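I opened a new notebook page for this chain. My plan is to look things up one at a time and write down what I find.

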Amino acid sequence: MVSTTQAITSDVEAPVQIEADSAVFDKIAGKASYDGNVSIRQGTLEILAAHIEINAPNNEIVSIVATGSPVSLKQKMDNGKLASGKAREMQYLVKEKRLILNGDAELLQDQDRFTSNHIEYLTGTGQLKAGGTSSKGKAGRVSAVFYPTNKAAQ
């Protein structure tokens, strides 16, 4: 299943801002761990979680794994509309611009709604893939609700 809504183009070039109650850094390993009311912002992309692990070898963020009850995200699209989602775990693969939502996952793009145990979302293009098997081996059904934008002329 594919959607054509795109994230704000300038988001990927914006600095990543992180706030949390506590943090642990291992500069040599290129890892950071944030706990308690964690928020990550990059442009219009915002992720809220209880715990976040960042893998950043050579000071370049490669991946972000967020867990919580649930983890939530929101991002403004180029068309001015909002995309939002939630799941028990989210992985953001920075170079691929791919967001993976696992466990009671839900993604809303404008009024369209997708739910599944596993959803993959490309933030650069707005493409979406749902269902199949999650990284934890769980399969699940997909539910989608679409609202037509091309109403017939009367």
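In what order do the elements of the protein chain run from the N terminus on? I read them off as β-β-β-β-β-β-β-β-β-β. My tally is 0 helices and 10 strands. I note here that the model is predicted.

**Entry: the chain overall**

I looked up burial next. The protein chain has 154 residues, and 40% of them count as buried.

**Entry: the aromatic pair**

How many aromatic pairs does the count come to? I get 1 aromatic pair. Phenylalanine 25 and tyrosine 34 form it, with 5.7 Å from centre to centre. Their planes stand at 85 degrees, and I log the pair as edge-to-face. The cut-off for that label is an angle over 60 degrees.

Are the two partners buried or exposed? Phenylalanine 25 has a relative accessible area of 60%, so I count it as exposed. Tyrosine 34 is at 11% relative accessibility, so I count it as buried. The cut-offs I used are under 20% for buried and over 50% for exposed.

**Entry: the largest pocket**

I went to the largest pocket and noted a volume of about 330 Å³. There are 16 residues lining this pocket. The closest to its centre are Phe25, Ala32, Ile54, Ala56 and Asn59.

Which strand gives the most to the lining of the largest pocket? I find S3, with 3 residues. Strand S1 (16-19), strand S2 (22-26) and S3 each supply at least two residues of the lining. I sorted the lining by type and got 9 nonpolar, 3 polar and 4 charged residues.

**Entry: glycine 30**

Where is the place of glycine 30? I find this residue in the loop between S2 and S3. Glycine 30 has a relative accessible area of 7%, so I mark it as buried. I left aside its neighbours within four places in sequence and listed its contacts. They are Ile54, Asn55, Ala56 and Pro57. Two of these names, Ile54 and Ala56, were on my list for the pocket centre. I also took one distance: glycine 30 and asparagine 55 are 6.0 Å apart, C-alpha to C-alpha. In sequence these two are 25 residues apart.

I kept a general point in mind: most residues other than glycine have a negative phi, and most peptide bonds are trans. Then I went looking for exceptions.

Asparagine 37 has a positive phi, near 50 degrees. I place asparagine 37 in strand S3 (residues 31-42). Its relative accessible area is 64%, so asparagine 37 is exposed.

Asparagine 59 also has a positive phi, near 65 degrees. This residue sits in the loop between strand S4 (45-55) and S5. Asparagine 59 is exposed too, with a relative accessible area of 68%. I had already listed Asn59 among the residues closest to the pocket centre.

Which peptide bond is cis, with omega near -10 degrees? I find the one from serine 69 to proline 70. Proline 70 lies in strand S5 (residues 63-76).

Key
Residues numbered from 1 in each chain as written. Predicted model: local features only at pLDDT ≥ 70, side-chain atom pairs only at ≥ 80, totals over all residues. Heavy atoms only, no water. Phe/Tyr/Trp six-rings, centres within 6.5 Å; stacked < 30°, edge-to-face > 60°. Buried < 20%, exposed > 50% of the residue type's maximum accessible area, 1.4 Å probe, protein only. Helix = DSSP H or I, 4+ residues; strand = E, 2+ residues; numbered from the N terminus. 1 Å grid on protein atoms, 1.4 Å probe; cavity = no way out; pocket = protein on both sides within 12 Å on 5 of 7 lines; lining within 4 Å. Points joined across faces, edges and corners; volume = space filled by probe spheres on them. Nonpolar A, V, L, I, M, F, W, Y, C, P; charged D, E, K, R; others polar. Contact = heavy atoms within 4.5 Å.
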